[in-house]
Amino acid sequence: MKNDNMKNQYRVNEQIRVREVRIVGEGGSTVVPTRQALDMAREQGVDLVEISPNANPPVCRLIDYSKFLYQQKKRQKEMKAKQVKVEVKEIRFGPQTDEHDYQFKLKHAKEFLEEGNKVRAYVFFRGRSILFKEQGEVLLLRFANDLEEYGKVEGMPSLEGKKMFLYLAPKKAGAQKKSQQARDREAAEAEAKEASRQQRAEVDAEAPANGGLFANAKISADALKKLTDTEK
């Protein structure tokens, strides 16, 4: 069915019934009578394919029609493959969701965002629980804060009927901010490396085989002598 639709999308050879057409190719373009264009196609063993019927005159190409359709299908397939399908995943809360359930849903939301999907989180207020809408807003804001490394908020929590919604879009790969825990770990590692370097330096300074205190004393004496000579 798809192939038939594509075939019917273009007029070919005798289906082209206008008086003249514009032939385009690698050498440029030229306007010729349609009968002459058909003769040119037969001589070259190809087809006259109308690719722009709304132009004046219509634009055609001299090309193998089967090859032309194959190229068009291939191009459409490549374009479709490049398109990223973004789905919207829903996360539902109650106004008094317990911590275990919250962490469970938070984990799923992280996975959804890492996969490139959007997340629509909402708090459903049943009956008189609408009185606790402030709690629902606080919960959604906490949810957004806990996901700041994975998604960006597209709008502040908003109440629509008995539901309060929050929308999150995935962040681009490589643009995620480092968590405070990661930053603290890197700082601790850098501090440990610096302490180790200083310790090695102190050990080297105390080792006679490496010049140690004698070498340092000689350097200090030379520096003092130069300073004395300068003052003179």
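**View A. The side chains of Gln 72 and Tyr 10 are joined by a polar contact of 3.0 Å.** The model shown here and in the other views is predicted. Gln 72 belongs to helix 3, which spans residues 65–82. The relative accessibility of Gln 72 is 17%, so this residue counts as buried, the cut-off being under 20%.

**View B. Helix 2 (residues 34–44) has four buried residues: Thr 34, Ala 37, Leu 38 and Ala 41.** An α-helix has 3.6 residues a turn, so residues three or four places apart point the same way. The buried residues of helix 2 pack against strand 1 (20–25), strand 2 (28–33), strand 3 (47–52) and strand 4 (59–63). Just after helix 2 comes Gly 45, with a positive phi of about 70°.

**View C. The largest nonpolar core holds 20 residues.** Those touching the most other members are Ile 91, Phe 93, Val 119, Leu 140, Phe 143, Leu 147 and Leu 168. Two or more residues of this core come from each of strand 5 (88–93), helix 4 (99–114), strand 6 (118–124), helix 5 (133–146) and strand 8 (163–170). Helix 4 gives the largest share, 5 residues.

**View D. Leu 147 is in contact with Leu 106, Ala 109, Lys 110, Leu 113 and Leu 168.** This list leaves aside the neighbours of Leu 147 within four places in sequence. Another core, of 9 residues, lies apart from the largest one. Its members include Ile 16, Val 32, Ala 37 and Leu 38; Ala 37 and Leu 38 are also among the buried residues of helix 2.

Terms used: Residues numbered from 1 in each chain as written. Predicted model: local features only at pLDDT ≥ 70, side-chain atom pairs only at ≥ 80, totals over all residues. Heavy atoms only, no water. Buried < 20%, exposed > 50% of the residue type's maximum accessible area, 1.4 Å probe, protein only. Polar contact = N/O pair within 3.5 Å; in protein donor to acceptor, adjacent residues only side chain to side chain. Contact = heavy atoms within 4.5 Å. Core = buried A, V, L, I, M, F, W, Y, C linked by side-chain atoms within 4.5 Å.
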